[in-house]
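Thanks for making time, everyone.

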Amino acid sequence: MLELQNVSYEIDGKTILKDINLKIDDHFVAVTGPNGSGKSTLAKIIAGILQPTSGKIFLDGEDITELSITDRANKGISYAFQQPVRFKGLTVKDLMRLSAGKETPYSTLCEMLNEVGLQSKNYINRSLDASLSGGELKRIEIAMIFARSSKLSLFDEPEAGIDLWSFQKLIGIFEKMVEQTKGNVIIISHQERILNIADKIIYLKDGTIAQYDVREKILPQLLDSITAD
Amino acid sequence: MDPIQKKILHEVADLDALPVGAYNIRANGKSAARNSTANIEIVTKEDKSGIDIIIKPNTVNESVHIPVIISETGLTELVYNDFYIGENSDVVIIAGCGIHNCGNGDSAHNGIHTFYVGKNAKVKYVEKHYGEGEGRGKRLMNPTTVIHLEDGAKMEMQASQIAGIDDTLRNTKAYLGNDAKLEINESVMTTGVQNAVSEFTADLNGENCSCNIVSRTVAKDSSTQHFTSRLNGNNVCSGHTECDSIIMDKASVLATPELQANSTEASLIHEAAIGKIAGEQLIKLMTLGLTEKQAEEQIISGFLK
């Protein structure tokens, strides 16, 4: 379970997140809200990439506020970037192996790539460089998180750039992840189809939690407000 | 061969025993072992130090190993190795030089390798340079490679110098005939106060010949590197050269790609990029559980692979 207590984040005199109090113990939690509402900042604070200006973060009751990115990763936090990073020289296989662990058989790595809609034989030995499209990188990023199989997986707009790939398959992966890890999946998304599978939805606005409740309560209101706009 | 020499042989040629096929192992200025085969003859030069490697036409799927080991401090040598590769051959040549210097004198290997690659022949040439030893004496390596590709000949060269060479001047010159193809991949890492200079020149003389020269380097500590790559397009040809460097600490890297087209049909491209490891690359690997140092090592080893 993840808990944030009075978490704020300011930079250059500007408040990005303000006094966030949050407990996440459901399997699927979607985070949505307008651009600039602080969604990605929240994910980076949980992963340890950004340090909160004030407040505390707990994972399964342990205070992880001061822990590094590496320590948090080893405690079971995974983070899929909104814009995946390219590496000259490192291959898909290298990254998958770092994610899944050295002992993971080659065939398992291939299966995981197939799972995200990439034919493993065409991708496993390719370098993660400019020769791969944004959509391909995005799927590899998802496969890496799938391979890590950690108790808390954060996805920052996983659906962006993968429009040709069926949503059902993406959702299937999230479900498999929860089934395997019995953990939590937090997905930042604007997509109704992703919000539709969430147990709970967090609606962020201007750096604060405007709403946080079960999907059945929040989703109709959100859809109404979008229609009204 | 003593244990130090055996270790160096492993580093530069991945050899733990005598290789299959033709070979010449040179240790401390002398031939330590040699084998010729029915198709590949290795002969000692009579006018100067070095060997001739003569490969008969149509020799396919054969290999030649010619590693050089120096474990004696203060030894400096100049060696000429000439390769005559017969028409339609398809061979692999593995060279490499390792210096173990635990004394105070400088040890140096200056190797001049000249390749005469016959019509439609194909060569893969792997060259690995390595240095070690605690002595104050320097480990110096100055390889010169001259490549003559006849019509339709193809050569792929992989050169690497990852550790332990204090000072190096790597000079590679190539002359390409009609439909000839040259592919060079170089990887270099310098540390401490090491200095590496790498100069490539390719004369694209033949019709429809092509070359691709890619150098990847990492400069750490206070080391210095200078990479020059010059392509001369003299016919209907295509050439690409790329220098990509990761710079760290107080190192200095100079990249000077040069293109000269002497024909309107020459298509030449150069790319050069120097930069530190991107912060987001480190962060990504740290989110997979690696420490910052492990992430850095992973990025460098992938880059130089």
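In chain A, 67% of the contacts with a separation of 6 or more are between residues 24 or more positions apart; a contact here means two C-beta atoms, placed from the backbone, within 7 Å. Before I go on, a caution: this is a predicted model, so local features need pLDDT of at least 70 and side-chain atom pairs count only at pLDDT 80 or more, while totals for chains, interfaces and linings use all residues. On naming, residues are numbered from 1 along each chain as its sequence is written, and chains are lettered from A and ligands numbered from 1 in the order in which they are written.

Okay, chain A. It comes to nine helices and 10 strands, both being DSSP runs numbered from the N terminus, with helices as H or I of at least four residues and strands as E of at least two. Its radius of gyration is 17 Å, close to the 17 Å that the globule rule gives for 229 residues, so chain A is as compact as a globular protein of that length. That radius is taken over C-alpha atoms, and the rule is 2.2 Å times the number of residues to the power 0.38. Along the principal axes, the C-alpha atoms fill a box of roughly 45 × 40 × 35 Å. Of the 229 residues, 41% are buried, which here is 20 or more other C-beta atoms within 10 Å of a residue's own, with C-beta atoms placed from the backbone.

Now the sheet. Chain A has an open one with six strands, in the order E6-E7-E8-E3-E9-E10, and the pairing is mixed. Two strands pair if DSSP finds at least two bridges between them. At the edges sit E6 (77–80) and E10 (208–214) of chain A, each pairing on one side only. E6(A) runs parallel to E7(A), residues 152–156, over four bridges, and A:Tyr79 has A:Leu154 in E7(A) as its bridge partner. Helix H6 of chain A, residues 134–148, packs on this sheet, touching E6 and E7 of chain A, at about 170 degrees to E6(A). Angles like that run from 0 to 180 degrees between N-to-C directions, with axes as lines fitted to C-alpha atoms, for helices over the stretch in contact.

What covers the buried residues of H3(A)? The cover includes H4, H5 and H6 of chain A, together with H2 of chain B. The buried residues of H3(A), which spans 92–100, are A:Val92, A:Leu95, A:Met96, A:Leu98, A:Ser99 and A:Ala100.

16 residues of chain B are in contact with 18 residues of chain A. On the chain B side, H2 (279–286) and H3 (292–304) are the elements that give two or more residues, and H2(B) has the largest share, six residues.

Let's zoom in on B:Leu282, which lies in H2 of chain B. Why does B:Leu282 count as buried? Because B:Leu282 has 21 C-beta neighbours inside 10 Å. Leaving aside neighbours within four places in sequence, B:Leu282 is in contact with B:Ile277, B:Glu292, B:Ala295 and B:Glu296.

Last stop, strands in chain B. E5(B), residues 60–70, runs parallel to E1(B), residues 22–27, with four bridges joining them. E5(B) also pairs with E7(B), residues 90–100, in the parallel sense over 10 bridges.

Conventions. Buried ≥ 20, exposed ≤ 12 C-beta atoms within 10 Å, placed from the backbone.
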